[in-house]
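Open the model in your viewer and keep the selection panel to hand. The stops below say what to select and what is there.

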Amino acid sequence: MDSSEEEDDFPSIETITPQSKIDSTYQSHTEKGIRKLCCELLDLKDAVENLCGNMQTKYLAFMRMSDEVVEMEHELVELQKHISGQGILVQDLMTGVCREIEDWNAIDGNNVASQQDDELEDVLWSEADNPQVLFLDNVDILLAEHKVDEALEALMAEEKSSPELKGLTDTSSSEESTYKSAFLKRKSTLVEQLTEIVQHPSAKTVEMKKALASLIKLGKGPFAHQILLELYRSRLRKNIEVFLPSCSLCPKTFPGTLCKLVFSSISTATKESILIFGDDPVYTSRVVQWAEWEIESFVRLVKDNAPSPDTVSALDAASNYILASLAFCSMLEPQGLKLSKLLLVLLRPYIEEVLELNFRRARRLILDVTQPDESSELSTHLVSPLSAFVASSDIVLVDSGIRFMDIIEDILVQLTPPAVMHFGGSVLMRIAQLFDKYMGVLIKSLPGPSDDDNLTELKEVIPFRAETDAEQLALLGMAFTILDELLPHAVKMVWSLKKEGKESNDDIAASAATSSISGELKDWKRQLQHSFDKLKDHFCRQYVLSFIYSREGKTRLNAQIYFDGDGEDLIRSSEPFQALFAKLQQFATVAGDVLLGKEKLQKLLLARLTETVVMWLSDEQEFWGVFEDSAIPIKALGLQQLLLDMHFTVELARFAGYPSRQVHQIASAIIARAIRTFSARGIDPQSALPEDEWFVETAKSAINKLLAGSESEVDDDDDGHIISHGNSISDSDDTASSLSSVESTESFVSASMGEIESAGDLTDPEA
């Protein structure tokens with residue numbers, strides 16, 4: 001009992017299908033299905049291939065049938081014209097005969113019917129025997145059958161042989177006028193048929209030339225020449241319409257291909273004109289005029305299909321247009337077509353617009369230094385010269401210089417030699433203007449006199465500030481590197497291609513091109529130097545003013561220093577000029593580190609700083625007003641000290657290795673003014689002043705003492721005093737620091753103490 005219940009609750013295991021059987025069964029069905037599907041796919045593939053083959057065969061057959069249909073249509077049209085011509089002739093003949101019969105019947109009546117029949121027969125036979133009628137009928141048949149060659153020969157032979165056709169404009173009688181008009185009418189019909197042959201789209205070149213020659217024989221030379229030019233114009237328009245959609249797909253090859261289409265059409269038309277019509281000046285002038293019209297259309301096409309003019313691709317396309325079109329113009333010159341001047345005149349406004357908009361875009365990118373373009377890869381050869389200033393300045397400053405050169409080179413690399421040849425001066429001018437704008441950005445980064453109180457300038461966003469001497473020198477060094485190395489190198493690479501392009505011409509043209517290049521580059525470098533001088537002068541002026549004036553507004557160089565003193569101080573220069581010596585020595589030390597390898601710039605800056613000091617002293621009216629004030633007593637020692645300071649300044653410049661003619665001239669002017677001022681106050685310079693040699697030797701001695709004193713101990717108190725030979729030099733605004741050692745002093749622009757002894761006096765005009 002229990003066992004049966006268990007069997008009912010749990011069915012026998014034999015009723016359960018094993019998993020292996022399920023897998024084998026379904027797997028076999030799946031494999032069969034896949035194989036069947038593969039077979040069907042293979043069959044479908046074969047069917048598709050057969051279908052493609054059949055389609056190709058049927059397509060070729062269809063094309064052949066289409067050509068045959070076109071030819072058949074042409075033949076049917078010709079046959080229809082022939083039948084129409086014959087029908088017209090028969091109809092005219094029947095109408096004329098019937099009209100004559102009716103007229104005769106009406107006049108003579110029925111009694112003379114037999115006589116009229118005889119007369120009609122005679123008239124018909126007489127007209128049939130008339131050679132003019134026979135000729136016209138023959139020509140009509142030839143024209144109806146479009147046998148233009150035979151019709152031309154018949155007309156030409158008749159015109160030469162018939163005395164009635166010698167002067168087609170004469171109408172001496174009605175009969176001759178009627179025959180001439182009939183002759184001219186058939187001649188006009190032949191001209192129309194020849195014109196149709198020339199203008200037919202499927203006309204072959206041989207047929208076209210033959211038809212044009214026939215028109216010339218008919219006295220229609222100007223008309224045939226016009227048809228020829230119009231034919232090439234229409235062909236050119238069709239080729240351009242087919243080609244224009246590809247301008248956006250192939251921007252690099254588009255200019256060259258478009259130039260080839262236009263100028264090859266002009267060249268072919270010119271050759272065909274000479275071949276068919278000869279060297280007749282009338283036809284030659286028409287070809288030249290037609291070519292000029294095509295050049296104007298070409299320039300309009302260039303403008304209408306060029307990229308946006310403010311993009312680099314537009315400049316590249318414009319340069320390629322100049323390159324390709326001028327090359328084709330030179331190829332057309334042997335054919336008597338000189339189109340290069342006209343082409344340049346027409347292209348110049350467009351090229352100038354592209355250049356102007358590209359440089360405007362460059363100006364925006366350069367002035368917007370707050371948004372560095374991180375996506376653009378920096379040129380490796382630019383990073384090397386400018387990256388030397390990264391350690392001494394803000395990275396944004398160096399990035400701005402690298403960006404400036406990248407933008408300039410992106411523009412220059414687009415220029416082809418012909419573009420440089422004809423538009424190089426404009427490019428150089430715009431580069432100089434762009435460099436001037438960049439110098440303006442750098443000037444704003446330097447400290448200025450209104451940094452503390454000019455609120456409007458504080459509102460302007462300045463991405464980087466050069467506060468320390470090292471940062472300011474790095475800024476100047478970067479600008480000088482761009483001016484002296486990077487820009488000339490970039491321009492030289494492009495302009496050398498222009499020079500190489502002119503080497504193939506004659507010597508006179510090459511010499512003229514070389515002189516033109518030299519003149520352009522000299523003017524350009526002069527403009528760049530002027531822009532850099534503005535940056536350099538601004539730096540030197542602010543640097544000297546920060547040395548002369550303290551933060552409280554007091555001046556270091558005032559006239560009071562020449563009223564105090566008992567004469568013992570004349571063994572050296574006055575304290576402000578000693579501080580100037582220390583300041584310049586400190587500046588030279590920093591410049592030697594920051595501007596390593598740029599000794600030329602170091603000397604320029606030191607010379608300009610010295611010039612700025614004496615210029616300030618020469619122009620400072622408050623300084624001279626004290627000497628001219630009669631209420632303030634003056635001494636001869638003050639004049640002597642002032643003259644010694646001027647000699648000291650000149651000797652300092654000579655010793656440091658940057659002798660400046662301007663320093664010498666300004667110092668001489670200050671000495672002359674001081675002598676005049678003191679003489680007006682009653683002091684005799686002849687008796688009060690020693691010889692010039694004394695000033696020179698004393699100035700040299702003072703410099704030697706300062707150099708020797710650089711080894712002594714320097715004590716800086718809270719007011720910034722510098723101790724030298726027991727005398728303090730006030731430097732309340734920390735502008736002077738300790739003098740360098742003898743070794744560092746000798747590196748003060750590569751000067752040594754021994755060089756002082758060989759320097760001339762202040763009166764040497766070549767100093």
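## A loop residue to start

Select His146, which sits in the loop between helix H4 (131-144) and helix H5 (148-161). Helices here are DSSP runs of H or I with at least four residues, strands are runs of E with at least two, and both are numbered from the N terminus. Phi of His146 is near 60°, a positive value in a residue other than glycine. His146 counts as partly exposed because its relative accessibility is 23%; buried means under 20% relative accessible area, exposed over 50%, and partly exposed in between, with a 1.4 Å probe and protein chains only.

Before moving on, note that this is a predicted model, in which local features need pLDDT of at least 70 and side-chain atom pairs count only at pLDDT 80 or more, while totals for chains, interfaces and linings use all residues. Residues are numbered from 1 along each chain as its sequence is written, and side-chain values use heavy atoms, with hydrogens and water left out.

## The whole chain

Now show everything as a cartoon. The protein has 27 helices and 2 strands. Of its 767 residues, 40% are buried. Contact means heavy atoms within 4.5 Å. Among contacts between residues at least 6 apart in sequence, 77% join residues at least 24 apart.

Two packed helices are described by the angle between their axes and the distance between the axes. The axes are lines fitted to C-alpha atoms, for helices over the stretch in contact, and angles run from 0 to 180 degrees between N-to-C directions.

Select helix H14 (residues 395-412) and helix H15 (residues 417-445): they pack at an angle of about 170°, with axes 12 Å apart. H14 and H15 are therefore roughly antiparallel; angles under 35 degrees count as roughly parallel, over 145 as roughly antiparallel, 65 to 115 as roughly perpendicular and the rest as oblique. Show side chains at the contact: H14 supplies Leu397, Ser400, Gly401, Phe404, Ile408 and Leu412, and H15 supplies Val427, Ile431, Leu434, Phe435, Tyr438 and Leu442. By class, this contact of H14 with H15 has 10 nonpolar, 2 polar and no charged residues. The classes are Ala, Val, Leu, Ile, Met, Phe, Trp, Tyr, Cys and Pro as nonpolar, Asp, Glu, Lys and Arg as charged, and the others, Gly among them, as polar.

The axes of H11 and H15 come within 7 Å and cross at roughly 100°, so H11 and H15 are roughly perpendicular. On the H11 side, select Ser319, Ile322, Leu323 and Leu326; on the H15 side, Pro418, Ala419, His422 and Phe423. The contact of H11 with H15 has 6 nonpolar, 2 polar and no charged residues.

## Salt bridges

Side chains of opposite charge can pair when their charged atoms come close. A salt bridge is a side-chain nitrogen of Lys or Arg within 4 Å of a carboxyl oxygen of Asp or Glu, and the structure holds 20 of them.

- Select Glu485 and Lys598, whose side chains form a salt bridge (3.0 Å, N to O). The pair links distant parts of the chain, 113 residues apart: Glu485 is in helix H17 (residues 469-502), and Lys598 is in the loop between helix H19 (575-594) and helix H20 (599-619). Glu485 is partly exposed at 35% relative accessibility, whereas Lys598 is buried at 12%.
- Select Asp537 and Arg608, which meet in a salt bridge (2.8 Å, N to O). Asp537 lies in helix H18 (residues 507-548) and Arg608 in helix H20, so the pair ties together parts that are 71 residues apart in sequence. Asp537 is partly exposed at 23% relative accessibility, and Arg608 is buried at 17%.

Within it, the side chains of Arg348 and Glu352 meet at 3.5 Å, N to O. These two are 4 residues apart in helix H12 (residues 340-367), so about one helical turn separates them.

## Last stop: His647

Is His647 buried or exposed? It is buried, with a relative accessible area of 4%. His647 lies in helix H22 (residues 636-656), and a polar atom of its side chain is 2.9 Å from the backbone oxygen of Leu643.

Methods
A polar contact is a pair of N or O atoms within 3.5 Å; within protein, one must be able to donate a hydrogen and the other to accept it, and residues adjacent in sequence count only if both atoms are side-chain atoms.
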